[in-house]
Amino acid sequence: MTVEDAGQDYLTRQIGALLEAIREEGPVGEGRRSFRIAGHLAAEGGFHLGDILAATAQLLAVHAWNNGYLAAAELLTRRMREFGAESAELVRYLVRLETGCEQGWLPHADRDELIAYARRVQRADIEERALSIEASLPGVTDPERPDRMASES
């Protein structure tokens, strides 16, 4: 194992620890442990601190929302914005990108917005992934893609 492999292995474990902390803290937790681990991950993994903290707040907010704790989700969403407008914007676009990748399609407007964002911040990786996601066409239905696509484009 090379030093680089060991470093990647460490980061993978840290990311796993962060996700576990989010699950353990529960949907109404303040995220103290999660934010502490995210801070270490930023320092040791070369991530922008605001970006990783905003992503952590977003994950905690989703966890709260999914468990019916709407006030906690709202509080965490507001907290996410405190980590910087650019970090909150990045998280929003990454969530949209990953959702699109998972579903295999994106409405045209979302796809175009993602590509414009990626070009603006010079993130070829995001642009490439956005381009690889099929854009939905109004009125097109497919067994894999429900009718709701037409209303979302």
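How many nonpolar, polar and charged residues are in the lining of the second largest pocket? Keep that one in mind while you look around; this is a predicted model, and the tour has two stops.

**Stop one: the largest pocket**

Start by selecting Ile52, Ala55, Leu59, Val91 and Leu94. Of the 19 residues lining the largest pocket, these five sit closest to its centre. The space in there comes to about 640 Å³.

Next, colour three helices: H1 (3–25), H3 (49–66) and H5 (85–103). Each of them gives the lining of this largest pocket at least two residues.

You'll find 13 nonpolar residues, along with 4 polar and 2 charged ones, around the largest pocket.

**Stop two: the second largest pocket**

Now select His48, Asp51, Glu86, Ser87, Glu89, Leu90, Tyr117, Arg120, Val121 and Arg123. Together they line the second largest pocket, which holds about 190 Å³ of space.

Which helix gives the most to it? That's H5, with 4 residues.

Finally, back to the opening question. Colour this lining by class and you get 5 charged residues, 3 nonpolar and 2 polar in the second largest pocket.

Terms used: Residues are numbered from 1 along each chain as its sequence is written. This is a predicted model: local features need pLDDT of at least 70, side-chain atom pairs count only at pLDDT 80 or more; totals for chains, interfaces and linings use all residues. Side-chain values use heavy atoms; hydrogens and water are left out. On a 1 Å grid over the protein atoms alone, a cavity is a set of points where a 1.4 Å probe fits but cannot get out, and a pocket is an open set with protein on both sides within 12 Å along at least five of seven lines; lining residues have an atom within 4 Å of a point. Grid points are joined across faces, edges and corners, and a volume is the space filled by probe spheres set on the points. Ala, Val, Leu, Ile, Met, Phe, Trp, Tyr, Cys and Pro count as nonpolar, Asp, Glu, Lys and Arg as charged, and the others, Gly among them, as polar.
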